[in-house]
Structure formats: structure tokens, C-alpha cells
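Q: Hi! Could you walk me through this structure, please?

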Amino acid sequence: MFDTLDDVHSDLTRRLDRAANDRKSPMHVPAVVTSDVDARGMVLREFDEAAWTLRFHTDTRAPKVAAIAADPRMAVLFYDKGEKIQIRVRGTGEVLRGHPVTDTAWATGSNFARRCYLGEGPGAPSNAPTSGLPRELEGVEPSDEMLVPARENFAVLRVTLTELDWLYLAHTGHVRAQFARDDAGEWQGRWVSP
């Protein structure tokens, strides 16, 4: 099934592209890990094959923003249970605030999605279960005008990939390959023991 490193690299690329573009993909919400060894599920918004970057959306007040500023090393874990494929990637993260890609991401989002950035910042303490949203916005789609203050809390997290690890779990024997970028930016692959 995967006889060459080129086959694996193509499979990996196809899966990342599908994860970003298909909400039903089992890899659409990977585990994203920051250098402070904190992990969270995040929706993959875009995979740019030419630049080998992943795009996520984040709140500028989230603790991960400070962690990435202090140490940009990151890892992302994708898993497709049905196909028995695990993809682990490593790279460097950057939080983009006043950037054209952030402006585009904000402009193309729905008002329901953008309202998340109106509430309390992620991790804000509460004495009761809370969505963090102002009560008047729970279950309500806000107007464009209501969302103006939310924009300052919205950012894009872009992860530039430097290492790829692909694992196929098979009852006949697992198969694993790794790829790393060389000085010219080209991917160099190798087979490794699972």
C-alpha cells in the first residue's frame, strides 16, 4: 500500500489538505501542543502545501499565545482511527494579529464563530458553569456592529512545519516514515522502525 517514501509523502499531504477542507475528516480537529507541554484540540482552518504551514484561529488572551511568544516550538497530532494513520508534525508557531491573513480569516468567518471573541478570555475564572459570552449573546447571532470589540481578541496561529512523522498501524506490521526539511527547504525522508 505504501511502498515508497513518495507514496507516504503524498498520502500525508492529501490527509492534511482534507483535514483542513473537510469538517467530516477525522483529522479536522488535531491536538495542538505548545512548548509548555499544554495540549488542546483546535480546528485546522488551512493547510498551505507550498509553504508547509497550518492555520488555526485563536484568542489573543489565551495562555498559549504567551507560551508561543516565549518559545515557538510546537507539535500537532492527527489521527484517523478508521484508516489507522497517525501523523505527528513539529514546527514553529507564530501568532498573527495585524496581518493580512488575519484580516481575511476574520472577514470570512461567520458572526456565530466571531462572537466567541466577545466573551471573557480563555481560562477566566467563574463561580458557575459559563460559556464566557455575555448573557445577551448566548444562542444569538450578533450583528456586525456588536462584533467590533471582538476583533482585537482574534488572531491566527500559523505553524510552519519542519518535521513530519507518519505511522500506519497494520496487523501485518506497522510502517513508519519520517521527513525533515533540509537547508534548501526540501523534504528528506527515511523509513524508521515503528
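A: Happy to. Let's begin with Thr102, which lies in helix 3; helices (H or I, at least four residues) and strands (E, at least two) are DSSP runs, numbered from the N terminus.

Q: Before we go on, what kind of model is this?

A: This is a predicted model, where local features need pLDDT of at least 70 and side-chain atom pairs count only at pLDDT 80 or more, while totals for chains, interfaces and linings use all residues. Residues are numbered from 1 along each chain as its sequence is written, and side-chain values use heavy atoms, with hydrogens and water left out.

Q: Good to know. Is Thr102 buried or exposed?

A: Thr102 has a relative accessible area of 0%, so it is buried. Buried means under 20% relative accessible area, exposed over 50%, and partly exposed in between (1.4 Å probe, protein chains only).

Q: And which residues is Thr102 in contact with?

A: Leaving aside neighbours within four places in sequence, Thr102 is in contact with Leu96, Arg97, Arg151, Phe154, Ala155 and Val156. Contact here means heavy atoms within 4.5 Å.

Q: Which other residues of helix 3 are buried?

A: In helix 3 (residues 100-108), the buried residues are Thr102, Ala105 and Trp106. Viewed down the helix axis they fall within an arc of 100 degrees, so they line one face of helix 3. That arc is taken from the directions from the helix axis to the C-beta atoms.

Q: Why would residues a few places apart point the same way?

A: An α-helix has 3.6 residues a turn, so residues three or four places apart point the same way.

Q: What covers the buried residues of helix 3, and what is on the face turned away?

A: The cover includes strand 4 (53-59), strand 6 (85-96), helix 4 (111-114) and strand 7 (154-168). The face turned away from the buried side carries the exposed residues Pro100, Ala107 and Thr108.

Q: What about Thr104?

A: Thr104 is also in helix 3, and with a relative accessible area of 46% it is partly exposed. Thr104 and Asp183 are 79 residues apart in sequence and 31 Å apart in space, C-alpha to C-alpha.

Q: Let's zoom out. How many helices and strands are there?

A: The protein has four helices and nine strands. Its C-alpha atoms fill a box of roughly 55 × 35 × 30 Å along the principal axes, and buried residues make up 41% of the 194 residues.

Q: What's in the largest nonpolar core?

A: That core has 31 residues, and those with the most contacts inside it are Leu54, Phe56, Phe78, Leu161 and Trp166. A nonpolar core is a set of buried Ala, Val, Leu, Ile, Met, Phe, Trp, Tyr and Cys residues joined through side-chain atoms within 4.5 Å.

Q: Which element gives the most to this core?

A: Strand 7 does, with six residues. There is also a second, separate core of eight residues, which includes Ala105, Trp106, Leu147 and Phe154.

Q: Switching to pockets: how much space lies in the largest pocket?

A: About 720 Å³. On a 1 Å grid over the protein atoms alone, a pocket is an open set of points where a 1.4 Å probe fits, with protein on both sides within 12 Å along at least five of seven lines, and lining residues have an atom within 4 Å of a point. Grid points are joined across faces, edges and corners, and the volume is the space filled by probe spheres set on the points.

Q: Which residues lie nearest its centre?

A: Of the 32 lining residues, Thr58, Asp59, Ala113, Cys116 and Tyr117 lie nearest the centre of the largest pocket. Helix 3 turns up again, giving the largest share of the lining, five residues.

Q: And the second largest pocket, what volume does it have?

A: About 240 Å³. It is lined by 15 residues, and the closest to its centre are Arg88, Arg90, Glu163, Asp165 and Gln178. Strand 8 provides the largest share of that lining, four residues.
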